[in-house]
Amino acid sequence: MSGNHRNRSPLEQLPPPGLVLTDHRFTVPLDHDDPGGETIEVFAREAVAASKAHEDLPWLVYLEGGPGFGARRFVGTEAWLGRAVREFRVLLLDQRGTGLSTPANRQTLPLRGGAREQAEYLAHFRSDNIVRDCELIRPRLTGGAPWTVLGQSFGGFCAVRYLSAAPEGLERVLITGGLPSLDGHADDVYRAAYPRIERKVAAHYARYPQDVERARAITAYLAEHRPDSAGHRLTPEGFQSLGILLGGGTGSHQLHHLLENAFVTGPHGTELSDTFQEAVRTATSFAGHPLYALMHEAIYGQGGRPTDWSAERVRAEFPQFDARTALEGQGPVLFTGESIHPWHFETDPALRPLRETAELLAARTDWPVLYDTERLAANEVPVAAAVYHDDMYVDTGHALRTAASIRGLRTWVTSEFEHDGLRAGGPRVLDRLLALVRGESDR
């Protein structure tokens, strides 16, 4: 790895946030098995309490959920960060291809060549290479000392890969809503997911019964019309994908408020309001995180089987999710959730040029195995994980089976939070996990 460039952020000159921020840029191999070949850049932002900026603190690296999202940009010591900087120097990592790291999107991927070259390039953007990036970065910052990893959602998947591949780099591991199935295919993931999503939708309609007819009216309108918002085509399936909101603590309320602004009456009669169309486009566009759509099923790829548009195929096993079912009066419109479908690459202008690339990734069969079950069974790194009861995004049963497969892992199973507990729970979630990982009494 070549230079580690440090740039002072303008924010560090402002005392109110209580932080000193330092930007780092690392040059890493695209293919870690070819260290002398092509390189990419990985960006990370260091955050330390202003009062401790000159202290020799242990490091905590934060791995964001996704895949495809850069690390959250904090304003001061909000959420869990305020708790973390009480004792750590925190590294907020933009995983390869995200945030300020070398981007991978419809604008940059054509530089690779055609769809086949793009797919080959993206094959290097899974958790195995994210961990190898971390292991190149770690000694540059810690002098070789192990560090603590905090993995949220997909970041937890990366943390389990870290435990499998390079436990010597880990002081301790904290996971929130991110214990993956160690050997499950994507089909297994989605067969477990659709019933969970249906339960979340039922809970939403119980809370807001007026939304049953609102959702049916919107679906009926979209079945007849195909409105376009800034190039984003609205379809019944796209509308159903708003169910992704239901995985967060306030998501049901957000969905309700979005639906109540759906229609407006104009010179040509009743139509979808611009307000609603823009809100749907904002909530469902992948312009800011295209890797999520391209790589989401690939994070489950291993064992020589293609993912082959798993969410789309498995959805056929749950006909109640077909919008036509609701329009025929056989049930309410069921929203979907964290699933990617071929039609995403037709309706979203950020994804449309990448359809063939996505097809090649879906057909790929040579994904390496991600998790070493024998090594995990012999694990010696202290690990604690928050498992959210009936988490819409990560199956609780899968998570608990994985927890039992990692030696010494301590779990906190809670129904107090949804998948966004680390953000919504502020310092409480991090405080609880630190107590668990240190063997302190449960608080």
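Helices here are DSSP runs of H or I with at least four residues, and strands are runs of E with at least two, numbered from the N terminus. I worked on a predicted model, where local features need pLDDT of at least 70, side-chain atom pairs count only at pLDDT 80 or more, and totals for chains, interfaces and linings use all residues. Residues are numbered from 1 along each chain as its sequence is written, and side-chain values use heavy atoms, with hydrogens and water left out.

**Entry 1, largest pocket.** I looked up pockets on a 1 Å grid over the protein atoms alone; a pocket is an open set of points where a 1.4 Å probe fits, with protein on both sides within 12 Å along at least five of seven lines, and lining residues have an atom within 4 Å of a point. Volume is the space filled by probe spheres set on the points, which are joined across faces, edges and corners. The largest pocket comes to about 930 Å³. I found 35 residues in its lining, with F69, I244, Y393, H419 and R423 nearest the centre. Helices α8 (251-259), α9 (274-284) and α17 (421-424) each contribute at least two lining residues. I sorted residues by class: Ala, Val, Leu, Ile, Met, Phe, Trp, Tyr, Cys and Pro as nonpolar, Asp, Glu, Lys and Arg as charged, the others, Gly among them, as polar. This lining holds 11 nonpolar, 19 polar and five charged residues.

I noted a volume of about 280 Å³ for the second largest pocket. It is lined by 15 residues, and E237, R315, D322, A323 and R324 are the closest to its centre. Helices α7 (236-240), α11 (310-315) and α12 (323-327) each give at least two residues to this lining; α12 gives the most, with three. By class I got nine nonpolar, no polar and six charged residues.

I located Y194 in helix α5 (residues 186-207). Beyond neighbours within four places in sequence, Y194 contacts A311, V314, R315, F318, F321, S339 and H341 (contact: heavy atoms within 4.5 Å).

C134 is buried at 1% relative accessibility, and C158 is buried at 0% relative accessible area.

Definitions and conventions
Buried < 20%, exposed > 50% of the residue type's maximum accessible area, 1.4 Å probe, protein only.
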